[in-house]
Amino acid sequence: MNRKILKLENLLRFHTICRQLHSLCQRRMLAQWRHVFSSAYAVQTAQLYTRPWQTDALIRAALFQRRLLVTKKEKRSQKSPLPSTKSKKEVEVWLGMTVEELARAMEKDIDCVYESLMNTAIDIDSLETHSRLDEIWIKEVIKKSGMKLKWSKLKQDKVRENKDAVKRPQADPALLIPRSPVVTIMGHVDHGKTTLLDKLRKTQVAAMEAGGITQHIGAFLVSLPSGEKITFLDTPGHAAFSAMRARGAQVTDIVILVVAADDGVMKQTVESIQHARDAHVPIVLAINKCDKAEADPEKVKKELLAYDVVCEDYGGDVQAVHVSALTGENMMALAEATIALAEMLELKADPTGAVEGTVIESFTDKGRGPVTTAIIQRGTLRKGSILVAGKSWAKVRLMFDENGRAVSEACPSMPVGIVGWRDLPSAGDEILEVESEPRAREVVDWRKYEQEQEKNKEDLKLIEEKRKEHQEAHRKDREKYGTLHWKERSYIKYKERREQQPLKLKEKLERDSNVLPIIVKGDVDGSVEAILNIMDTYDASHECELELVHFGVGDISENDVKLAETFHGVIYGFNVNAGNVIQQLAAKKGVKIKLHKVIYHLIEDLQEELNSRLPCIVEEHPIGEASILATFSITEGKKKVPVAGCRVQKGQIEKQKKFKLIRNGHVIWKGSLLSLKHHKDDTSVVKTGMDCGLSLDEEMIEFKVGDAIVCYEEKEVPAKTSWDPGF
C-alpha cells in the first residue's frame with residue numbers, strides 16, 4: 001500500500017514539474033516575439049530572465065523524478081521477467097492440401113501463400129486455389145510465414161461407423177422350401193442358343209433380335225407341361241461378352257452348354273466351360289444342329305474331353321442330349337435332364353424375411369425411368385419394399401414379368417423387372433432389402449463415402465509418386481546446372497524452352513489424326529459394359545490411340561453431339577436411337593453418328609474407323625526381273641560408267657519404274673536407271689527373254705555376275721490396325 005502511495009506522489013510531482021516547464025517555455029516564446037515586434041517591452045522581457053536559477057532548479061527536479069521512475073521500472077522487470085519472444089503459431093497440415101486449404105489453416109489470405117512461393121521453382125501463374133501443393137512447398141510457406149508445422153492425417157480419415165447393409169445369416173433348414181433352378185445357356189456365337197431357348201419357352205424372341213443373336217442378358221421363366229418351372233438366363237455366346245457370361249454364371253445353378261454338331265468346340269465354348277467351372281456350376285451338354293447331314297455329335301464329345309468335360313457315354317457325369325433347335329427335336333429331353341439335375345442338387349431357398357437378389361440387367365425407360373431385371377434369391381419381393389443395390393436405392397413402385405405383365409410379388413428364383421430406382425444400378429450388383437428410406441440413404445451414403453476414401457488413397461499415392469519424380473528431376477537439374485556459370489545456365493534453359501514450344505499446325509494435325517476419340521451409348525448397362533470390355537483389349541495404341549471420351553445408357557442426346565464436336569470424335573450407338581433433330585445437328589457440326597444393332601458389327605465399324613486414321617502403307621509390286629550375265633564399263637566424257645549386260649527372266653523392265661539390285665538375297669541398292677539399251681538403241685521397255693544393257697543412277701555401285709535386277713512399282717495401300725478383338 002505504501003509503495004502505491006509513494007508511486008502516486010512521485011507521479012503527481014512529476015506532472016506538476018512538467019506543467020511548470022511547459023508554462024515557462026510558453027513565456028519564453030512570448031517574450032521573444034514581443035522583443036521582435038516592440039522594443040517597448042524590453043524591460044519586462046529582461047525581468048523574465050532575471051531568475052535563471054528557478055529554471056535550472058525545475059529541470060533538475062524533473063530529471064531526478066524521471067531517473068527515479070526508470071530505476072524502479074528496471075528493478076520491477078528484473079523481479080518478474082517477461083518472455084522476450086512470442087511462441088510460434090502451430091499450423092496443422094496434411095499431404096496433398098490445396099492452396100485454399102493451406103491459407104485457411106494458417107488463418108491468412110490466399111495472397112500470403114502466393115507471396116511465400118514467389119522466387120521459387122514453382123510456377124505461380126499456373127497455381128490455382130484448388131491446386132494441390134507438394135510437401136516441399138507446404139514447408140516453404142509455413143517457414144516464410146514464421147509458423148510451426150504439424151503434420152496430420154487427412155480430414156477424411158476420421159473413423160466413421162460402418163453403416164453398410166449386409167446379408168442375413170444362413171436360414172434355418174426347416175424354413176427352406178424347394179425352388180426352381182436358374183439355368184444359363186452358354187456357347188459359341190451362331191451355335192443356336194437363342195433358337196433353342198425360343199423352342200423351350202414357345203415365343204418368338206429370335207425373330208425380334210437382330211441377326212438371331214442375343215444382345216444382352218435376359219431372364220425368362222419357362223413353365224413345362226409337367227408343371228415344373230425353369231428360369232433361364234440367356235447370356236450372349238459372343239466372345240465380346242465374357243464378363244456378362246461370367247456374371248450370369250454367378251447367379252445360376254445349372255449351365256446348358258450348346259455346341260453345334262457340325263462346328264465342334266470353338267474359342268467361346270472353352271470360355272463358357274471356364275466360367276461354369278469358376279462358378280462351380282454343373283453342366284448339361286446340348287449338342288445342337290443334329291438334323292444336319294454333316295453333324296458329328298461323337299466328335300464334339302471327344303473334343304470336350306480335352307477340357308475335362310466328360311459325358312456319361314465316356315464314364316463321366318455330364319449329361320449329353322442330341323437336339324435340333326430348328327426342328328424342336330429332343331427339347332423335352334433336354335428340359336427333363338435339367339430338372340433331373342436340379343432335383344439331385346436339392347435346390348432350396350428361404351421365402352421369408354428381407355429380400356436378397358442380383359441385378360441381371362439395368363436400363364433407362366422413357367416412361368418408367370431406371371429399370372432393372374433381377375433374380376430374387378431369398379425372401380419375397382413386394383410392392384413398396386425398400387431396396388439397395390450398389391450406390392442406388394429404390395422404393396418398388398411396379399414389378400413386371402418377362403412378358404410385361406404386372407406382378408404383385410416375386411419369390412426366389414423368379415426373374416422380375418423392378419421400377420422405382422433413384423439411380424441406375426450396375427448389372428451384377430447385389431440387391432438387399434432394408435427397413436426404411438432413411439436407412440437406404442444411409443447405406444448409399446456409406447458406400448459413396450467408402451468409394452471416396454479409396455479414391456483419396458489412390459490420389460495420395462499418385463501425388464506421392466509425382467512428388468518423388470519432381471524431387472528427382474529437381475536434383476538432376478541441380479547437378480546439371482550447379483557447376484555452370486549463370487550465363488551458360490540461362491542459355492541452356494533458353495534452348496530447352498525453344499524445344500518445348502507449341503507444335504506447328506501441320507504437326508498438330510498429324511498428331512490429332514493418330515487419336516480416335518469415341519463416345520459409346522447403349523440401350524442397357526450390360527451392353528455398354530460388353531463394348532467397353534472389348535475396347536479394353538485394344539493393344540494398338542502405337543498405331544492409333546483409342547480415347548474413350550464418354551459412355552452411358554440411353555439415346556444419343558445433344559450433349560453427346562457437342563462433346564463429340566469438341567473432341568473431334570465419333571459417336572457409336574448400340575440399340576439406341578438418334579432423332580432427326582440430333583442427326584441434323586450432327587451433320588451441321590460434322591460429327592459422325594454410327595448406329596448398330598449387332599455388337600460385332602459395331603466393333604468392325606470401329607476397326608474400319610481406326611484403319612482410316614492410319615497412314616497408308618507403301619507396297620512394292622514387282623513388274624519384271626533380270627539377271628546380270630556380264631559386266632563392263634563405257635566412257636562418257638571423262639567418266640567411266642559401269643554397265644550390266646542383262647537378260648530379262650520374267651515380266652518386263654520399264655525404264656520409268658523403280659529398280660533394286662539384289663545380291664545373295666540382300667538388297668544392296670534401290671533407285672532409278674540412268675540408261676536402258678537394247679543392242680545399241682535406247683529403249684523404255686525390255687520384255688521377257690530379251691537382252692539389254694543398263695546403268696544405274698549411282699556410280700559407286702559395282703555389278704557382279706549373278707546379281708538380280710528387279711523392276712517394281714510402289715502403290716499406297718490402306719493400312720489395317722493390328723488390333724484383334726477376338727472374333
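Contact is taken here to mean heavy atoms within 4.5 Å. The structure is a predicted model, in which local features need pLDDT of at least 70 and side-chain atom pairs count only at pLDDT 80 or more, whereas totals for chains, interfaces and linings use all residues. Residues are numbered from 1 along each chain as its sequence is written, and side-chain values use heavy atoms, with hydrogens and water left out.

Under that contact criterion, N288, leaving aside its neighbours within four places in sequence, touches H191, G192, V258, V259, A260, A261, V323, S324 and A325. The residue N288 belongs to strand β8 (residues 283-288), where helices (H or I, at least four residues) and strands (E, at least two) are DSSP runs numbered from the N terminus. With a relative accessibility of 2%, N288 counts as buried, the classes being buried for under 20% relative accessible area, exposed for over 50% and partly exposed in between, with a 1.4 Å probe and protein chains only. The C-alpha atom of N288 is 8.6 Å from that of D262, and the two residues are 26 apart along the chain.

Taken as a whole, the protein contains 19 helices and 31 strands, and buried residues account for 39% of its 727 residues. Of the contacts between residues at least 6 apart in sequence, 71% join residues at least 24 apart. The accessible surface comes to about 42800 Å², with 52% of it belonging to carbon and sulfur atoms; such areas come from the Shrake-Rupley method with a 1.4 Å probe, and for residues only the protein chains shown count as cover.

A search of the whole structure for aromatic pairs returns 2, a pair being rings of Phe, Tyr and Trp (its six-membered ring) with centres within 6.5 Å, where planes under 30 degrees apart count as stacked, over 60 as edge-to-face and the rest as tilted. The rings of W446 and Y449 have centres 5.5 Å apart and planes at 40°, so this pair is tilted. Both W446 and Y449 lie in helix α13 (residues 437-481), 3 residues apart, or about one turn of the helix, and both are buried. The pair of Y538 and W723 is edge-to-face, at 5.2 Å centre to centre and 75° between the planes. This pair links distant parts of the chain, 185 residues apart, with Y538 in the loop between α16 (525-535) and β20 (545-553) and W723 in the segment after β31 (708-717); Y538 and W723 are likewise both buried.

The UniProt annotation "coiled-coil region", from an unreviewed entry, covers residues 449-480; UniProt positions are given in the numbering used here, feature names are shortened, and annotations may be inferred rather than shown by experiment. Over residues 449-480 the model is 100% helix and 0% strand, with the end C-alpha atoms 46 Å apart.

Charges over rings were also examined, the criterion being NZ of Lys or CZ of Arg within 6 Å of the ring centre and within 35 degrees of the ring normal. The charged end of R422 sits over the ring of W393, 4.2 Å from its centre, and K660 lies over the face of Y712, at 5.4 Å from the ring centre.

E107 is found in the loop between α4 (99-106) and α5 (110-116) and is exposed, with a relative accessible area of 65%. H679 is found in the loop between β27 (673-678) and β28 (681-682) and is exposed, with a relative accessible area of 69%.
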